[in-house]
Amino acid sequence: MLHGDITYVDEALYENKLSVVFEDIEASRETLDRVREFVRNQPTVYCGTHTPQGYENLEAKRVIDLDNPVPTVLAEVDFSSAQATGKYVCSICGYIYDPEEHDSVAFEVLPDDWRCPRCKQPKSKFNKA
């Protein structure tokens with residue numbers, strides 16, 4: 001996971017502390033909560049953008065564990081049983097499009113001019129979750 005201005009260092013993610021740079025504290029808190037939820041539910045190599053830890057985590061394939069600040073190694077995680085969720089994540093603001101919250105409308109069938117309801121970015125800015 002790559003991010004900007006959610007936390008500056010891994011320790012802030014562990015301690016659930018926001019960055020000091022944000023325009024909307026509620027949106028920042030929601031984004032940090034979503035990042036922490038994602039990290040809790042998916043093996044994640046956390047790559048902060050304002051610290052050498054991001055590169056070091058990627059290089060060492062460290063999987064972050066919010067309950068245990070000692071990282072594990074990605075090679076120990078089995079991704080073979082991973083299944084598609086149908087969800088898509090905005091790469092700009094972190095908004096998650098979940099078909100279950102939209103009358104089971106799949107992201108792929110949304111009109112080409114559909115935009116993120118939070119940051120108004122186009123569909124092309126979304127990635128599969």
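# Helices, cores and loops in a predicted chain

The chain contains three helices and five strands. Helices (H or I, at least four residues) and strands (E, at least two) are DSSP runs, numbered from the N terminus. This is a predicted model: local features need pLDDT of at least 70, side-chain atom pairs count only at pLDDT 80 or more, and totals for chains, interfaces and linings use all residues. Residues are numbered from 1 along each chain as its sequence is written, and side-chain values use heavy atoms, with hydrogens and water left out.

Me: What pattern does the chain follow along the sequence?

Reply: The chain has three helices and five strands. Read along the sequence, the pattern is α-α-α-β-β-β-β-β.

Me: What share of the residues in the chain is buried?

Reply: Buried means under 20% relative accessible area, exposed over 50%, partly exposed in between (1.4 Å probe, protein chains only). The chain has 129 residues, and its buried share is 30%.

Me: How far does helix α2 reach from its first C-alpha to its last?

Reply: Helix α2 covers residues 25-41, which is 17 residues. The expected span is 1.5 Å times one less than the number of residues. That gives an expected 24 Å, and the model comes close to it, at 24 Å.

Me: Why do the buried residues of α2 line one face of the helix?

Reply: The buried residues of α2 are Ser28, Thr31, Leu32, Val35, Arg36 and Val39. Look down the axis of α2: these residues line one face because they fall within a limited arc, taken from the directions from the helix axis to the C-beta atoms. On the other side of α2, Glu26, Glu37 and Asn41 are exposed. The arc of the buried residues is 135°.

Me: Which element do the buried residues of α2 pack against?

Reply: Contact means heavy atoms within 4.5 Å. The partner of the buried residues of α2 is α1 (10-14).

Me: Which residue caps the N-terminal end of α2?

Reply: Look for a side-chain oxygen 3.0 Å from the backbone nitrogen of glutamate 26. That oxygen belongs to aspartate 24.

Me: How many residues are in the largest nonpolar core?

Reply: A nonpolar core is a set of buried Ala, Val, Leu, Ile, Met, Phe, Trp, Tyr and Cys residues joined through side-chain atoms within 4.5 Å. In the largest one, the members include Tyr88, Phe107, Trp114 and Phe126. A second, separate core of eight residues includes Tyr14, Val35, Val39 and Tyr46. The largest core has ten.

Me: Which residues does proline 122 contact, leaving aside its neighbours within four places in sequence?

Reply: Proline 122 lies in the loop between β4 (96-97) and β5 (126-128). It is partly exposed, with a relative accessible area of 24%. Its contacts beyond those neighbours are Trp114 and Arg115.

Me: What is the phi of lysine 61?

Reply: Most residues other than glycine have a negative phi. Lysine 61 is not a glycine, yet its phi is positive. Lysine 61 sits in the loop between α3 (52-60) and β1 (62-63). Its phi is about 55°.

Me: Is aspartate 103 buried or exposed?

Reply: Aspartate 103 is found in the loop between β4 and β5. Its phi is near 55°, a positive value in a residue other than glycine. With a relative accessibility of 74%, aspartate 103 counts as exposed.

Methods:
Polar contact = N/O pair within 3.5 Å; in protein donor to acceptor, adjacent residues only side chain to side chain.
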